[in-house]
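Please read the briefing below alongside the sequence and the coordinates.

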Amino acid sequence: MRAISSLLLLAALPAVLAVKTEDFKTCSQAAFCRRGRALSERAGQDPNWKSPYTVTADTVAISPDQASFTAGVRSSLYPDIQFSLDVRVHEDGVVRVRMDEVNGMGRRYNETTSWALIAEPQVSRDVQWKIGKQDVRAVYGPKKDVEIVIFLSPLKVVLYRQGKEQVVLNGLGLLHMEHFRKKEEPKPAPEAPEGDVKTDDAQAVMQAPPNPRAWFEGETEDGYWEETWRSWTDSKPKGPQSLSLDISFPNHGHVYGIPQHATRLSLPTTCGDNSYYTEPYRLWNSDVFEYLADSTMSLYGSIPVMHAHSADSTVGIFNAIASDTFIDIAQPDAKSTYTHWISESGILDVFIMPGPTPEDIFAQYARLTGTPALPAHWALGYHQCRWNYVSSDDVRGVQKRFDEEDMPVDVFWLDIEYAEEHKYFIWDKKTFPDPKDMINDVSELARKMVVIIDPHLKRTSSYPVYKEATDLDVLIKQKDGQTEYEGWCWSGSSAWVDFFNPKSWNWWKGLFKTVQSNSGKFAWIDSTTDVHIWNDMNEPAIFNGPEISMPRDSIHYGGWEHRDVHNLNGMLFSNQTYQAVMARTNPPMRPFVLTRSFFAGSQRFGAMWTGDNLGTWEHMAVGIKMVLANNIAGFSFSGSDVGGFFGNPDPEMLTRWYGVGAFSPFFRAHAHIDTKRREPYLLEEPYKSILRDILRLRYSMLPIWYTAFREASVTGLPVVRPHYVVFPQDINGFEIDDQYFVGGSGVLVKPVTEKGATEATVYLPENQVYYDYFTNYAYRGAKGGKSITVPAALHQIPLLIRGGSILPTRERPRRSSPLMKNDPFTLRIALSNAGNARGELYLDDGVSYAHKEGQFIWREFTAEKQGKTIRISSADLGKAKPAEAVDGVALVKYNGGNTFAKSMDLVRVEKLVVLGLDRKPSRVKRVDGGELDWSFTAGTAASDGKEGTASILVIKNPVTHIADDWAIDINA
Ligand code: NOJ
């Protein structure tokens, strides 16, 4: 009961301090967090602690359709204040718990879900609530083994599965929704009696009356009405309105998620005995200069989603709140986890995702906030960025060098220096005199450009974008709600568009049009539809604002304060940019928008990166963990700056960083303006050739990546998957966050992030063969898991294929990915211990939305051992899996002979490589035809489970059309 609170006192690790931490608040510097933690401390010290919140029994109501339970809630401390509670079960078993103050003196922010959710979820019709004296409960689920119980006094909400507690809200009694109240004017001090003031009577008069609520709320009104931090004063016109809530997972020893933090995937504790950190995790989107590689500090984005995991089950919660939030994590024992969420404002709106598998959680979360958008295929290629390519000729020169060195690249990027005085959209014509010609030179090789558009607008009427925003009155306001907010950013004195204002949306779209309309409004006619967009600084970053951001009492559309919506701000910006880029063409093309700031739901609008990392080994390593955390929180399309943003990595570090990038969903090199140029062609040998090989490796594996992205876009499953997701019952894998699987392909990678490494240890979670991707060496896992050592010299990336997988690749080096469109495929068939394998390939035109109309190829490849024969075949998955997923519409419209599939008529399978046959075949033939051209190399790995090189059967030109059904028999 008391764990999180009492353990808090014992937390002893000294805080790790480094550059610029002083720019950001710690919990003890934020009044609402101080109050939340103090509440937890008081609870920890009081063995009889009991939450004052109770459900008023006579208000309990079940809606006529049984859809939801509602009730009034009161705190015994403030009997006159009313709260409403609403608990409902969604069709898929997710439970939504909402609580708000009603008839109060103010309005708590309740619109977070209107931005984060894709739609109002359907409520289950299959739930029967039972109202008891002490609780209200409902059993549900296909097996009727899930139960949601609302205990009335004190209020507690528990989700059980098979009678075991999965998620408990307010189990520790730390729920506190600070109601709106009037500031009491200080009473005049009573006059002291004349004479001897030390009499007992006189002292009694001087003392304030005892505060009966102090046991719960503390003795003082700590920072209720105003708060000054460094040189900023927050006026807090609504007074205290924080929300404290404990969420426990009594049967789950690991928690993951709540990105973005530079930390491990399995989140270390922040309080309690031997806690790893002392500061709670914070979610307050921030531009943290030279951030730490191991810290709970908030970074650029926030996704308040947490998974709790054990070998029994996985559960999750999505705490839909967009204000400043601190989260303490304690682990009273290895089997349970307590968390305490302290937010500055907003209603209580928690979604409990019952799992019970990680896959279920991904689907449940995707039904709430959407799946990641399927990116344009080219966006999975390599992106070359730096701050800055300084002129159009510079861009041309860089492109030329890539081509001379035969290094593939898809996208060249322009940072802020392209824009005259950092007025985005406006080219600096001194250095970029011919922007359209430059873009066309790039797109001639089927490449794209990405250009930065930041949210701060230079405040000068000669800047049409600012002028139009002012005329339209869509800028964020100061605390008076009238005057435009002004702050400093790259463009000097700047203003910020309020994307919460619907009036801004169409206008923003208009700016991106590449042709002039009759409206006379600004359109980016100096660009083309081959330009896509990078949204940076959208936390928003404001150089002279508190915590490098906007004052909390600034006012947005609808009168909401910035404090309420801060963590949503970045998402609204990238959302509108995404819509704008899509609206440039008819029919629309898939936009690419990179955002630095994000929230739950941002996955629908593009990609993110981990911001301004440092060129250090620690940052390289933590970048992988951050990308994994983002992936399990629904936002797969993520990566870190390859090379590190700050610093000049030596060639070894840079080489390893490309190994990390090539196995990140988003693969971009980027560097600070003060760094030396470090494009891959600039390196000496052998580094240059290694980088070329890594780039080519990424391109050859694009079919695997694209198939994984497509699956993510349909099911919500992450593109890169940590061990606990793939092997949820293997306890040895729960903390692994330096190796991971690429989609469902069976590719297991462990990028090297250590200086001087020549080998690496890889954990194999099962009794299965794993093949080295490059050497075909067959490693054997073992039941219960086993670690192996693999070669990892500079030119080697530990990359394994899980036995039982079939990988489609394209092996011809090209200059950019669209040029691979008609290239043939190779299928690597990595047989399992049992001699079977399976894989998938998804293909479409890569740029349009025709796939939503069924224009795609989706194949399933299988290898099945039937007696002495192994049959390898390809079947149409689109036909086999009708309408099972979120975008089921596309599957309904699918037919194998669609125009896209026909356009791929010339695309062959040029090679099948079968790994792990236990003997040389006698015959290899198509089931509907004759003998094929094949060769066999015996391996040293024996079929009885010994390690050694696998045998390799190569079958040449077996299939003339990738979209065909075919079958090949390998006879022993
Ligand atoms: C901050 C971004 O994080 C960085 O990537 C970019 O280069 C600079 N802003 C300049 O735009």
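Cys 489 counts as buried because its relative accessibility is 4%, where buried means under 20% relative accessible area, exposed over 50% and partly exposed in between (1.4 Å probe, protein chains only). This is a predicted model, in which local features need pLDDT of at least 70 and side-chain atom pairs count only at pLDDT 80 or more, while totals for chains, interfaces and linings use all residues. Residues are numbered from 1 along each chain as its sequence is written, and side-chain values use heavy atoms, with hydrogens and water left out.

**Cysteines**
- The model has one disulfide, counted as a pair of cysteine sulfur atoms within 2.5 Å.
- Cys 27 and Cys 33 form this disulfide with their sulfur atoms 2.1 Å apart, the link is left-handed at -100 degrees about the S-S bond, and both residues are buried.
- The sulfur of Cys 489 has its closest cysteine sulfur in Cys 385, 17 Å away, which is too far for a bond.
- Cys 385 is likewise buried, at 2% relative accessibility.

**Strand E42**
- Strand E42 (residues 805-809) has five of its five residues buried; strands are DSSP runs of at least two residues (E), and helices of at least four (H or I), numbered from the N terminus.
- Ser 805, Leu 807 and Thr 809 point one way from E42, whereas Ile 806 and Pro 808 point the other way.
- E42 pairs with strand E43 (residues 825-830) in the antiparallel sense over five bridges, pairing requiring at least two DSSP bridges, and Ser 805 stands opposite Ala 830.

**Confidence**
- The mean pLDDT (the predictor's confidence in each residue, from 0 to 100) of the protein chain is 94, and 94% of its residues reach 70 or more.
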